[in-house]
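Q: Could we go through this structure together? I would like to begin with what a nonpolar core is.
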Number of protein chains: 2
Amino acid sequence: MAERTSTRSNGRASRRAFLDATAVLLRRQGYAGTGLSEIVARSGAPRGSLYFHFPGGKQELARAAMERSGEQLRRAIGATMDAPGGPRAAILALLDALAAGLEGSGYRDGCPIATVALETAAESEPLRETAAAVFESWVDELARALQDSGMERAGAQRRALFVLSAIEGALLLSRARRDVAPLRAVREELLLGLG
Amino acid sequence: MAERTSTRSNGRASRRAFLDATAVLLRRQGYAGTGLSEIVARSGAPRGSLYFHFPGGKQELARAAMERSGEQLRRAIGATMDAPGGPRAAILALLDALAAGLEGSGYRDGCPIATVALETAAESEPLRETAAAVFESWVDELARALQDSGMERAGAQRRALFVLSAIEGALLLSRARRDVAPLRAVREELLLGLG
DNA sequence: TCGCTAATAGACCGATCGATATAGTAAGCG
DNA sequence: CGCTTACTATATCGATCGGTCTATTAGCGA
């Protein structure tokens, strides 16, 4: 985990530990449901260091964690879309991967952004904006791949928005049901419907 | 509904006020982000009555409020689907109505269940189950209409799951962006793709 | 070695959280 | 009338919330 017991104190590693712990907890229980003490405990990093690394407190921490999670997933989406087989096969593969991840985590790890996005949409502009930017980066990744495969710009953008909507909704429904049927339904309907 | 035994104003009215206030607040800020004191303040009902009407506390209150919101929306979905024009036109009308409602509320009123569903999926079994049941009631309403229009059972169920997924995801993305483009994209893509 | 700074230690703050306990009031009814 | 039940009022509980404070330590360049 985090404790590297070399006499040297951690420094930058603490910052990273806070970020990782925050990302996990936000994903599972959201923003308001996650306490700073829980973050500190899970990170293993010293409590006194929290406000050194994140002077902006909980909000800054959440923002940084969301950007980190968002960037990771953005890269994963991009890599999947660029695999051979075209965007259509890639989207199906993405759905399979998400279903496997969700099921494998005991239905705890859905979208890392969605919960916070909904909670803070009307409560915190900075967090809302962060969530919106992350979503947009994912849409852009999908739209780019669609465009590369021959779609024109506006159509690709619209299709990307549609696909991400279906995925996000299916993750939500699957989590609530503890059953990947919604993700599978989206997979099969997209298979039929997508050109 | 409730026994309307011509008694005086108070009593049952407090219970209703708590429920309404809770429904609004859960929809806008989620479960963990909503305090009992805020609920009491908004309801206008006496603080001392809360645990009389809801001995189970916050959780029971949330559950009852979710069931209420869920049932209201279920009826609205059913009414829309039963309007002349068939399920295809009805789904488009539903999307229009949701977009108008979201925009008209300053992007505060999205899905009344989604936020709590995500927050509590791994934290509270009773609330998770409640959310799942509400979602299922909406899916059933959609599937029934699809079946009435000639689809066979399994296909209608799958299509209903897909449509609700797309709607929920679009509500999420639209709220985060403060822009109904995702809802519109879903509307147009469904228009093209749906039989 | 010294001094500067990054980083940690952890006690502590007032506020608010959900929940409880107990007492009081009003309506319905014999 | 007095009694019971339904409902309200208030005060307070311990826990936890996010955040701040002062003091101290470790590491590195000079």
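A: A nonpolar core is a set of buried Ala, Val, Leu, Ile, Met, Phe, Trp, Tyr and Cys residues joined through C-beta atoms within 7 Å. Please keep in mind that this is a predicted model.

Q: How many residues has the largest nonpolar core, and which have the most contacts inside it?
A: The largest nonpolar core holds 121 residues. A:Leu142 and B:Leu142 are the ones with the most contacts inside that core.

Q: What is A:Leu142 in contact with, leaving aside its neighbours within four places in sequence?
A: With those neighbours left out, A:Leu142 is in contact with A:Ile77, A:Met81, A:Ala160, A:Val163 and A:Leu164.

Q: Let us step back. How many helices and strands are there in chain A?
A: Chain A has nine helices and zero strands. Its pattern along the sequence is accordingly written α-α-α-α-α-α-α-α-α.

Q: And what box do its C-alpha atoms fill?
A: Along the principal axes, the C-alpha atoms of chain A fill a box of roughly 55 × 40 × 35 Å. Of the 195 residues in chain A, 49% are buried. Among the contacts in chain A with a separation of 6 or more, 65% join residues 24 or more positions apart.

Q: New topic: how many residues of chain A are in contact with chain B?
A: There are 42 residues of chain A in contact with 42 residues of chain B.

Q: Which elements of chain A give two or more residues to that side?
A: They are helix H1 (12-29), helix H6 (114-120), H7, helix H8 (153-177) and helix H9 (181-193) of chain A. The largest share, 16 residues, comes from H8(A).

Q: How do the residues on that side divide into nonpolar, polar and charged?
A: The side of chain A that touches chain B has 23 nonpolar, seven polar and 12 charged residues.

Q: At what angle do helix H7 of chain A and helix H8 of chain B pack?
A: Helix H7 (residues 125-148) of chain A packs against helix H8 (residues 153-177) of chain B at an angle of about 125°, and their axes are 8 Å apart. H7(A) is therefore oblique to H8(B). The crossing of these two helices, H7(A) and H8(B), is left-handed.

Q: Which residues make the contact?
A: H7(A) contributes A:Arg128, A:Ala131, A:Ala132 and A:Phe135, while H8(B) contributes B:Leu173, B:Ala176 and B:Arg177. In this contact of H7(A) with H8(B), five residues are nonpolar, none is polar and two are charged.

Conventions:
Residues numbered from 1 in each chain as written. Chains lettered and ligands numbered in written order. Predicted model: local features only at pLDDT ≥ 70, side-chain atom pairs only at ≥ 80, totals over all residues. Axes fitted to C-alpha atoms, helices over the stretch in contact; angles between N-to-C directions. Helix = DSSP H or I, 4+ residues; strand = E, 2+ residues; numbered from the N terminus. Parallel < 35°, antiparallel > 145°, perpendicular 65-115°, else oblique. Left-handed = near helix turned anticlockwise from the far one by under 90°. Contact = placed C-beta atoms within 7 Å. Nonpolar A, V, L, I, M, F, W, Y, C, P; charged D, E, K, R; others polar. Buried ≥ 20, exposed ≤ 12 C-beta atoms within 10 Å, placed from the backbone.
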